[in-house]
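Subject: Handing over the two-chain model

Hello,

Here is the structure I promised to pass on. Please open it next to this message, then read the notes below.

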Amino acid sequence: MSGVPLRTTAASQGGAPAQLLEVADVTMRFGGIVALDGVTFSVAPGRITGLIGPNGAGKTTLFNCLSRLYRPARGDIRLNGRSLADCAPADIAGLGIGRTFQSPTLFDSLSVLDNVKIGAHARGRNGPLTDAFTLPSSRREEREFDLIARVTLDFVELGGAATRPAASLTFAQRKRVELARALATKPALVLLDEPAGGLNHDEVAQLGALIRSIRDKLEITVLLVEHHMGLVMSLSDQVVVLNFGRVIADGTPEEVRGVPAVTEAYLGTRH
Amino acid sequence: MNDGTAAIASEKLAVGGEARLRIGAWRRFAIAALIVLAAALPFGLSNYQVFELTQVMIYAIAVLGLNILTGYNGQISLGHGGFFAAGGYTAAVLMHRYGVPYWATLPPAALVGFALGLLFGLPALRFEGPYLALVTLAMAVATPQTLKYFSWTGGQQGLNLAKPAPPPGLGIDRDRWLYLFVLVILLVAIRVAANLLNGRTGRAWMAIRDHPIAAAAMGVDTPRYKTLAFGTSTLFTAVAGALAAIVVGFVAPESFSLFLSISFLVGSAVGGIATIGGAIVGGFFIEFVPNFANDISDAAPWAIYGLAMLLFMYAMPRGVVGSLGPLAAWLRGRLRPAVAAGEISAASNNASSPQQTSQGRLE
């Protein structure tokens, strides 16, 4: 890990766009329920940002707004200064946001390798005609996707499972394949929705190392929703706390730990 | 890609590459042998048997089209008889009214099928499962009467077509020539379908079938690919319809009843909806089981047909090819225990030495 400069230092010195992701005043209602209420925060490039809060605080709702699966009633979301307001869900991967889901959503009838190759879909150019007649351009792109998928699978330490059907994997393996699929979109920002959920102690430790190497080796910014406090606090450069759809704290893990509202809303029940 | 990635990748490809090559060579040999056999077959059979097998291949192309839509993209259609009719009538009208040679009617029939499928695929985006079945059923129900309505379709009587002559000098008769002609189209159809399904397009189709939301999150434009699946599917089925018109030498509204649409779905399910080989099994079922049922009982052929369907689906719920594939894979595993064990140990090695394998960078 040593020798790879962190993006954070590079970005702050170079004066590049200071924030990768800006969430501004995002409000989301379901009927009479306000799931997100004026949520505002930003994510600096090259960092791991933890998004925490009690169940029902609006974390997954916010992820779904970022993926354009939901359209916020108010507010704006910008990636590298570009608003996502007029984007369709399928545009998001191409713009540089990859994601995983709370319970792994693999394409169960496909092989592990093909699952990860779908992650590269947005970068592809092959259409039905080039595919139908396997033109040279089609074959070249397939080889490239193959390579991306295999390297990504190696990165999540599942290189040996490439040809297995996705349905045959254990829960922990499924989560890692889903992570590989998100990384294969070659994102600037990856959204991880409870990556530690359902994992045992050792698996959580491995996951922590993996998420760090996503930031340090792949230089991908991470936005992490997680209930595992130990993991979030040890990994995150920045922590945003949501409660009842509002941001109640935003800062380093140490700063957030000291905010009384957070202790009351969330940590207080545990300590 | 940096050098590290390339090195890892080439190393990966080398492992097991030899085994894959050998299996590939065997497969290629088996396929070539099958094609030679299929091409030689008509010369040992009666004229009627040759005609029947030609029909089997035509149905196989139609079912292959349906498999692309239903098996690989998860959209059900009870209306493919209508698209089969569209292809048949395109060929018939072009031959009958404009004197177009039979072989030249296939591209226009394909185009008509594709365009109709796209038109149908757009409203289909709003429906799923049983609701989509109902919408497509409308197509099947409306087809025969719509065809009767227009004069250029020959109305109730339909159109009689001159049966195409075999190329002179080849020394084969008309039935055997048409058999070979249809065989070539079937092989092209299978190849094109396999290429599509193995490429970016087919992967996107299957991803949508398995999990549409995750597919969209990975950048798959789901409405576009679902519509495209519809058009591609009906293109195949319309080409089959054109071949049927050419081979039978006759089209009439009653040839494209609701039952034809249902037969395609039955053939698809019996063969295995998400398989390519299943389409051929389906072709055999559609062509022979009704006749076979008739031979057993003049009084109740459809009861026998229904019973045959039940038996097939009970014994092989994933269709003949869908069920035999896993069986064959299991047998291969039993026959090559050493290789299988090697794969497992390679996998566990990989898992226990994370530091070695995580050098690659995503470029």
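Among contacts in chain B between residues at least 6 apart in sequence, what percentage join residues at least 24 apart? The figure is 79%. Two residues are in contact here if their C-beta atoms, placed from the backbone, lie within 7 Å.

Some ground rules come next. This is a predicted model, in which local features need pLDDT of at least 70, side-chain atom pairs count only at pLDDT 80 or more, and totals for chains, interfaces and linings use all residues. Residues are numbered from 1 along each chain as its sequence is written, while chains are lettered from A and ligands numbered from 1 in the order in which they are written.

**Chain B**

Chain B has 16 helices and 2 strands. Helices (H or I, at least four residues) and strands (E, at least two) are DSSP runs, numbered from the N terminus. Of its 363 residues, 44% count as buried. A residue is buried if 20 or more other C-beta atoms lie within 10 Å of its own, exposed if 12 or fewer, and partly exposed in between.

Take Gly306(B) as an example. It lies in helix α13 (residues 301-315) of chain B. Gly306(B) counts as partly exposed because it has 13 C-beta neighbours inside 10 Å. Its C-alpha atom is 9.7 Å from that of Pro290(B), 16 residues away along the chain.

**Where the chains meet**

On the chain B side, 39 residues are in contact with 47 residues of chain A. Elements that give two or more residues to this side include α1 (3-14), α7 (174-198) and α10 (222-248) of chain B. The largest share, 7 residues, comes from α8(B). By class, the side of chain B that touches chain A has 21 nonpolar, 12 polar and 6 charged residues. Ala, Val, Leu, Ile, Met, Phe, Trp, Tyr, Cys and Pro count as nonpolar, Asp, Glu, Lys and Arg as charged, and the others, Gly among them, as polar.

α8(B) deserves a look. Of its 11 residues, 11 are buried. Among them are Arg200(B), Trp205(B) and Asp210(B).

**The core**

The largest nonpolar core has 175 residues. A nonpolar core is a set of buried Ala, Val, Leu, Ile, Met, Phe, Trp, Tyr and Cys residues joined through C-beta atoms within 7 Å. Which element gives the largest share of this core? It is α10(B), with 15 residues. The members that touch the most others include Ala180(A), Leu224(A) and Ile61(B). Not counting residues up to four places away in sequence, Ile61(B) touches Ile185(B), Leu186(B), Ala189(B), Phe236(B), Val239(B), Ala240(B) and Leu243(B).

**Two sheets in chain A**

Start with the open sheet of 6 strands. Its order is β6-β7-β8-β3-β9-β10 (chain A), with mixed pairing. Strands pair if DSSP finds at least two bridges between them. β6 (97-99) and β10 (246-251) of chain A stand at the edges; each has a single partner strand, so one side of each is left without a neighbour in the sheet. The twist averages 20 degrees from one strand to the next. Axes are lines fitted to C-alpha atoms, for helices over the stretch in contact, and angles run from 0 to 180 degrees between N-to-C directions. Within this sheet, β7 (residues 189-193) and β8 (residues 221-225) of chain A run parallel and are joined by 5 bridges. Leu191(A) has Leu223(A) as its bridge partner in β8(A). Helix α8 (residues 201-216) of chain A packs on the sheet, and its direction makes about 150 degrees with that of β8(A).

The open sheet of 4 strands has the order β2-β1-β4-β5 (chain A), with antiparallel pairing. Its edge strands are β2 and β5 (82-83) of chain A. β1 (residues 21-30) and β2 (residues 33-43) of chain A share 7 bridges. Their hairpin has 2 residues between the strands, and Gly31(A) takes a positive phi near 60 degrees there. β1(A) also pairs with β4 (residues 74-79) of chain A, over 5 bridges. In that pairing, Val23(A) has Ile77(A) as its bridge partner.

Best wishes
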